[in-house]
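Good morning, and thank you for joining the group meeting. Today I shall speak about a ligand and the part of the protein that surrounds it.

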Amino acid sequence: ELRRELMPKHIAVIMDGNRRWAKKRGLPVALGYAAGIRTLRSFVKLSYNWGISALTLFAFSSENWFRPKAEVDLLMGLFDKVLKDELENLTRTGIRLSIIGDASQLPKSLQDLIDKAVMATKANSRLHILVAINYSGQYDVVQACQTIAQRVKDGNIEPEDINSFLVEQELQTKCTEFPSPDLLIRTSGELRLSNFLLWQLAYTELFFSHSQWPDFGEAEFLEALCSFQQRQRRYGGQSS
Ligand SMILES: CC(C)CCOP(=O)(O)OP(=O)(O)O
Ligand SMILES: [Mg+2]
């Protein structure tokens, strides 16, 4: 009962619960992350087929650096592998890749691979995937303020010229024509934003799933989309 014209344009996803998924099955963490990558691949394919325009995926948070080094190295290795495996596919299918967050702490080899993939897919417009790596929603707003403050200091704009449109043009999501997600999906039962996109989520419909990310398949995705389509998005407007 999904209606094509009510599909969200931009979906933000916090892919949480991979380690708990593994632990529950007595499996090593590595298999939890690997299962998460499999779910990610099918989620992107479904989004592509259903005509979603943009996905912002929370792949690695600033807090994740404090995990055991072996786990961080494992995740970095997985990101490297996925990019190598998918690069050809991305360019061929019209998928554009962008990164938001501070990638400078990533292994140099991974940074180079990311730069290559971002450049190779820059002109694609079928589906825009923004991967949030070491991204902080609060820092995003701070760095936008710093840029705008400099423009005031340089005399290029006045304080009263500052409005939400001007701020949005300086956020790291300025690379996409759909900066504000219509739907946010967070898995694993956690009910928080974890300093993900903040400004951009102002009017986003929030959907929380008890499924761990590796279990978030087509049925769970459809449930989230049905929930989204049943909501009346008022943007703070009409009272009814
Ligand atoms: C790196 C991140 C996408 C992994 C999300 O799953 P997770 O490792 O936080 O798993 P847990 O919440 O079960 O610990
Ligand atoms: Mg987690």
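Please bear in mind throughout that this is a predicted model.

Let me begin with the contacts to ligand 1. An oxygen atom of ligand 1 is found 3.3 Å from a polar backbone atom of Gly-17. The residues on either side of this contact deserve a mention too. Asp-16 places a polar side-chain atom 2.8 Å from an oxygen atom of ligand 1, and for a polar side-chain atom of Asn-18 the corresponding distance to a ligand oxygen is 3.0 Å. How much of ligand 1 does the protein bury? On its own, ligand 1 exposes 390 Å², and 89% of that is buried by the protein.

I turn next to the shell of residues around the ligand. Besides the residues already named, the shell includes Met-15, Arg-19, Arg-20, Tyr-33, Phe-58, Ala-59, Asn-64, Arg-67 and Leu-75. Sorted by class, there are five nonpolar, three polar and four charged residues in this shell. Which elements each supply at least two of its residues? They are the helix α1, residues 18–24, and the strand β2, residues 54–61. The most comes from α1, which gives three residues.

Several elements give two or more residues to the lining, among them α1, α2 (29–49), β2 and α4 (108–120). The largest share is that of α3, with nine residues. As for class, the lining holds 26 nonpolar, eight polar and twelve charged residues.

Thank you for your attention.

Methods. Residues numbered from 1 in each chain as written. Chains lettered and ligands numbered in written order. Predicted model: local features only at pLDDT ≥ 70, side-chain atom pairs only at ≥ 80, totals over all residues. Heavy atoms only, no water. Near = heavy atom within 4 Å. Polar contact = N/O pair within 3.5 Å; in protein donor to acceptor, adjacent residues only side chain to side chain. Areas by Shrake-Rupley, 256 points an atom, 1.4 Å probe, with all protein chains shown as cover. Helix = DSSP H or I, 4+ residues; strand = E, 2+ residues; numbered from the N terminus. Nonpolar A, V, L, I, M, F, W, Y, C, P; charged D, E, K, R; others polar.
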